[in-house]
Amino acid sequence: MNQEHRILFTGTIGVGKSTAVSSLLGVPLVSEAVDGDGVPVAVDHGDVVLDNGDRLRLYGTPGQRRFEPTWRALADGAMGLVVLVDHARPAPLADLAIYLENFLDLIARTGCVIGVARMHAGNEPGLDAFADVAARHGVVCPVVAVDVRDRGQVLSLVDLLLVQLESRGG
Ligand SMILES: Nc1nc2c(ncn2[C@@H]2O[C@H](COP(=O)(O)OP(=O)(O)OP(=O)(O)O)[C@@H](O)[C@H]2O)c(=O)[nH]1
Ligand SMILES: [Mg+2]
């Protein structure tokens, strides 16, 4: 039977959450109102059916910290998390730590994949350093470089997540 996976994209402002979701959709985004402590905010949302017939329901968190209540509302319904890290920011390892800490419950309950955007060969910190930060938070998950504008790369990222969800029997 075909499955439905509700997947949440998170990460710092401008990292490429909206771009990643729209790359998967292949069309511009539809915004949907989600209640964050009584305040409706627009979140990225779209559905895509994979070649195998499974449906992905994609959501992106609003970037700004003042929307943290919205993050929790989105996390409650999610079945897996994609953390996007912007390698071009001043402290990408610290950024990753913040997002892992905010979503530890979701990660423990489902699964996680870390995509490092705007990273080029030889850039420091390397992918190992991001994996170390995750391990220090008790999170063992794939860490890959990704260009969110490339549908194939975003699909690969999501595949790494789906493999984990399947191995958990979800
Ligand atoms: N050059 C380059 N541009 C990138 C890369 N990743 C993302 N971008 C660009 O960065 C921008 C990201 O914008 P959004 O997708 O709106 O980012 P967002 O995370 O949704 O931002 P907020 O919703 O404001 O938090 C887009 O214009 C992307 O094309 C990358 O690896 N290289
Ligand atoms: Mg966005």
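This is a predicted model: local features need pLDDT of at least 70, side-chain atom pairs count only at pLDDT 80 or more; totals for chains, interfaces and linings use all residues.
**The ligand site**

Twelve residues surround ligand 1, and the closest of them are Gly16, Lys17, Ser18, Thr19 and Arg118.

| Residue | Protein atom | Ligand 1 atom | Distance |
|---|---|---|---|
| Gly14 | backbone N or O | oxygen | 3.0 Å |
| Gly16 | polar backbone atom | oxygen | 2.9 Å |
| Ser18 | side-chain N or O | oxygen | 2.7 Å |

So much for single atoms; what about area? Taken alone, ligand 1 exposes 660 Å², and the protein buries 66% of that.

**The chain as a whole**

Stepping back, the protein chain has six helices and seven strands. Going along the sequence, they come in the pattern β-α-β-β-β-α-β-α-α-β-α-β-α. The chain has 170 residues, and 48% of them count as buried. Its accessible surface comes to about 8200 Å², with 51% of that belonging to carbon and sulfur atoms. If you take the contacts with a separation of 6 or more, 70% are between residues 24 or more positions apart.

In soluble globular proteins, nonpolar side chains tend to be buried together. Here the largest nonpolar core has 27 residues, and the members touching the most others are Leu8, Val83, Leu96, Leu100, Phe103 and Ile114. Elements that each supply at least two residues of this core are α2 (68-77), β5 (80-86), α3 (92-102), α4 (104-109), β6 (112-117) and α5 (127-136). Helix α3 gives the most to this core, with four residues. Apart from this core lies another, of 23 residues, and Leu58, Val148, Leu161 and Leu162 are among them.

Back to α3 for a moment. Its buried residues are Pro92, Asp95, Leu96, Ala97, Tyr99 and Leu100. The cover over those residues includes β1, α2, β5, α4, β6 and α5.

Beyond residues up to four places away in sequence, Val83 touches Thr10, Leu96, Tyr99, Leu100, Cys112, Val113, Ile114 and Gly115.

Start with Ile7. Leaving out neighbours within four places in sequence, Ile7 is in contact with Leu56, Arg57, Leu58, Tyr59, Gly80, Val82, Val158, Leu161 and Leu162. With Leu56, the C-alpha to C-alpha distance is 7.0 Å, even though Ile7 and Leu56 are 49 residues apart in sequence. Ile7 counts as buried because its relative accessible area is 0%, and the cut-off for buried is under 20%.

And Thr10, buried or exposed? Thr10 counts as buried, because its relative accessibility is 0%. Again leaving aside neighbours within four places in sequence, Thr10 is in contact with Lys17, Thr61, Leu81, Val82, Val83, Leu84, Tyr99 and Phe103.

Technical notes. Residues are numbered from 1 along each chain as its sequence is written. Chains are lettered from A and ligands numbered from 1 in the order in which they are written. Side-chain values use heavy atoms; hydrogens and water are left out. A residue is near a molecule or strand if one of its heavy atoms lies within 4 Å of it. A polar contact is a pair of N or O atoms within 3.5 Å; within protein, one must be able to donate a hydrogen and the other to accept it, and residues adjacent in sequence count only if both atoms are side-chain atoms. Accessible areas come from the Shrake-Rupley method with a 1.4 Å probe; for residues, only the protein chains shown count as cover. Buried means under 20% relative accessible area, exposed over 50%, partly exposed in between (1.4 Å probe, protein chains only). Contact means heavy atoms within 4.5 Å. A nonpolar core is a set of buried Ala, Val, Leu, Ile, Met, Phe, Trp, Tyr and Cys residues joined through side-chain atoms within 4.5 Å.
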